[in-house]
Amino acid sequence: NFLPPDFSEFPHFIMPLMNTMFISIIATTIASTFAMVAAFLMARTTTPHPVVRIIVRGIVTFFRSVPFLLWAAISVIILGVGLLPGIVGLTLFGGAFLARVYAESIEEIDPETVEAVSSTGASYVHILKHAILPQFLPSFYSWTLFMFEINIRASAILGIVGAGGIGVLIKETMDMFNYAQTGMIILMIVVMILCIEYVTTKLRARLI
């Protein structure tokens with residue numbers, strides 16, 4: 001019943017697909033910003049104090065332990081149906097995930113470079129700027145683009161809990177047993193994901 005896909009309503013599905021892209025871009029941008037701050041606080045080599053590291057790591061672990069779909073469902077209850085709950089859900093989960101991998105990347109950088117800059121009497125901020133950030137940026141680009149790809153896939157099913165995007169149409173068409181249109185939506189998602197993977201692969205090759 002899913003084949004052949006029904007493209008008769010294709011123009012009406014373009015905007016929800018763009019909303020899915022919008023959710024992913026906004027969520028990844030916000031998540032990576034907060035994750036970078038959290039990563040510097042929780043990484044052994046950059047944390048200002050061990051107690052700060054333990055507290056931040058505990059908060060990050062809590063947010064990472066809850067699936068993004070559950071965060072989105074909770075956000076729908078609090079904020080109502082729409083795109084915002086989807087952005088919040090992906091931001092909370094994605095930010096926690098990125099904070100963890102960012103912190104691990106920071107801890108793996110060459111300590112000799114940090115020691116060399118520190119020996120000049122540089123401040124904490126200058127050490128971050130001249131010794132840690134240059135080594136961390138390739139990992140930052142790689143993990144952020146990877147998170148964006150994950151968010152594209154995840155945002156496609158956020159509509160199941162009422163969090164906006166193309167997933168709303170998947171649920172609606174399946175509830176109405178209009179499986180040919182569901183097949184068309186799935187095909188649109190697959191094409192979008194393949195395009196995104198192609199673009200991110202090119203960006204990763206250029207940035208890293």
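The legends below describe close-up views of a predicted model.

View 1. Of the 208 residues, 41% are buried. Among contacts with a separation of 6 or more, 75% join residues 24 or more positions apart. The accessible surface comes to about 11,100 Å², and carbon and sulfur atoms account for 72% of that surface.

**View 2. The largest nonpolar core has 25 residues.** Val-60, Leu-98, Tyr-102, Ile-106 and Ile-132 have the most contacts inside this core. At least two of the core residues come from each of helix H1 (14-42), helix H2 (50-65), helix H4 (83-107) and helix H6 (124-155). Another core, of 16 residues, lies apart from the largest one; Phe-148, Leu-169, Met-188 and Met-192 are among its members. In soluble globular proteins, nonpolar side chains tend to be buried together.

**View 3. Aromatic rings form pairs and a cluster.** The count of aromatic pairs in the model is 12. One of them joins Phe-62 and Trp-71 in an edge-to-face arrangement, with 6.0 Å centre to centre and 80 degrees between the planes. Trp-71 is buried, at a relative accessible area of 10%. Phe-177 and Tyr-179 are also paired edge-to-face, with 6.2 Å centre to centre and 80 degrees between the planes. In this second pair Phe-177 counts as exposed, at 63% relative accessibility, whereas Tyr-179 is partly exposed, at 22%. Elsewhere, one aromatic cluster is made up of Phe-40, Tyr-102, Phe-136, Phe-140 and Tyr-141. Tyr-102 is also one of the residues with the most contacts inside the largest nonpolar core.

**View 4. Helix H3 (residues 68-79) has one face lined by buried residues.** H3 has 12 residues and reaches 16 Å from its first C-alpha to its last, close to the 16 Å expected at 1.5 Å a residue. Its buried residues are Phe-68, Trp-71, Ala-72, Ser-75 and Val-76. Down the helix axis these residues fall within an arc of 140 degrees, so they line one face of H3. An α-helix has 3.6 residues a turn, so residues three or four places apart point the same way. Just after H3, Gly-80 takes a positive phi of about 90 degrees.

**View 5. Ser-75 is a buried residue of H3.** Ser-75 counts as buried because its relative accessibility is 6%, and buried means under 20%. Leaving aside residues up to four places away in sequence, Ser-75 touches Gly-80, Pro-85, Val-88 and Gly-89.

**View 6. Helix H7 (residues 167-175) packs through its buried residues against H1 and helix H8 (179-207).** The buried residues of H7 are Gly-167, Leu-169, Ile-170 and Thr-173. They are on the same side of H7, because they cover an arc of only 155 degrees around the axis. Leu-169 is also among the residues of the 16-residue core. Just after H7, Phe-177 takes a positive phi of about 60 degrees. Phe-177 is the exposed partner in the aromatic pair with Tyr-179.

Technical notes. Residues numbered from 1 in each chain as written. Predicted model: local features only at pLDDT ≥ 70, side-chain atom pairs only at ≥ 80, totals over all residues. Heavy atoms only, no water. Core = buried A, V, L, I, M, F, W, Y, C linked by side-chain atoms within 4.5 Å. Buried < 20%, exposed > 50% of the residue type's maximum accessible area, 1.4 Å probe, protein only. Helix = DSSP H or I, 4+ residues; strand = E, 2+ residues; numbered from the N terminus. Phe/Tyr/Trp six-rings, centres within 6.5 Å; stacked < 30°, edge-to-face > 60°. Arc of directions from axis to C-beta. Contact = heavy atoms within 4.5 Å. Expected span 1.5 Å × (residues − 1). Areas by Shrake-Rupley, 256 points an atom, 1.4 Å probe, with all protein chains shown as cover.
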